[in-house]
Amino acid sequence: MTAKWKQRLRREAQAFGQLLRPARLAPLAAGAAILTFGLHNIHAQTGITEGGVLGLLLFVNHWTGLPASVVSPVLDLLCYLLALRFLGGQFIRTSLISTAAVALCFKFWESFPYLLSLIHISEPTRPISIS
């Protein structure tokens, strides 16, 4: 390995280490938990879907039965191949952490039954008599 490559690897490792600080990880983990809770407990349960990669994730999960915790990283990896070329390394480093957080959160929520009862959405509203 040349000195130039060693220096570049050292810089990349330092940049990745900056991402692993709790101040950077906490918002990524919180966002992943909120997103996957909604996708698992609302979107998947009601058949409502998102567009883009999230919609494709729900579509593949519905039609093949593959767990979202497996499908999500696969679809993300395909997108990352394009993103690396156009958006660069910093974006990819942050996105890899986010992908891991989304997969872990999906695995967590999938271990529970649906936590929200959405029956009230499908029931017609009943008039309330005021006496």
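Contact here means heavy atoms within 4.5 Å. The structure is a predicted model, in which local features need pLDDT of at least 70 and side-chain atom pairs count only at pLDDT 80 or more, while totals for chains, interfaces and linings use all residues. Residues are numbered from 1 along each chain as its sequence is written, and side-chain values use heavy atoms, with hydrogens and water left out.

V60 lies in helix α3, where helices are DSSP runs of H or I with at least four residues, numbered from the N terminus. Setting aside neighbours within four places in sequence, V60 is in contact with G65, L66 and V71. Between V60 and S72 there are 9.8 Å from C-alpha to C-alpha, at a separation of 12 residues in sequence.

Helix α2 covers residues 22-46, and its 25 residues should span 36 Å at 1.5 Å a residue; the expected span is 1.5 Å times one less than the number of residues. The end C-alpha atoms of α2 are 35 Å apart, which agrees. α2 bends by about 35° at L39, the bend being the angle between axes fitted to the seven residues ending there and the seven starting there. Its buried residues are A32, T36, G38, L39, H40, N41 and H43, where buried means under 20% relative accessible area with a 1.4 Å probe, protein chains only. The cover over these buried residues of α2 includes α3 (52-64) and α5 (89-110).

Helix α5 has 22 residues and should span 32 Å, and its end C-alpha atoms are 31 Å apart, in agreement. Among the buried residues of α5 are I92, R93, A101, V102, F106 and W109. The axes of α4 and α5 come within 10 Å and cross at roughly 170°; axes are lines fitted to C-alpha atoms over the stretch in contact, with angles from 0 to 180 degrees between N-to-C directions. The two helices are therefore roughly antiparallel, a term for angles over 145 degrees. Residues making this contact include A68, S72 and Y80 of α4 and I92, V102 and F106 of α5.

The largest nonpolar core has 12 residues, including A32, L39, L57, V71, L75, F106 and W109. Such a core is a set of buried Ala, Val, Leu, Ile, Met, Phe, Trp, Tyr and Cys residues joined through side-chain atoms within 4.5 Å. α2, α3, α4 (68-87) and α5 each supply at least two residues of this core, and the largest share, 5 residues, comes from α5.

How values were computed. Buried < 20%, exposed > 50% of the residue type's maximum accessible area, 1.4 Å probe, protein only. Parallel < 35°, antiparallel > 145°, perpendicular 65-115°, else oblique.
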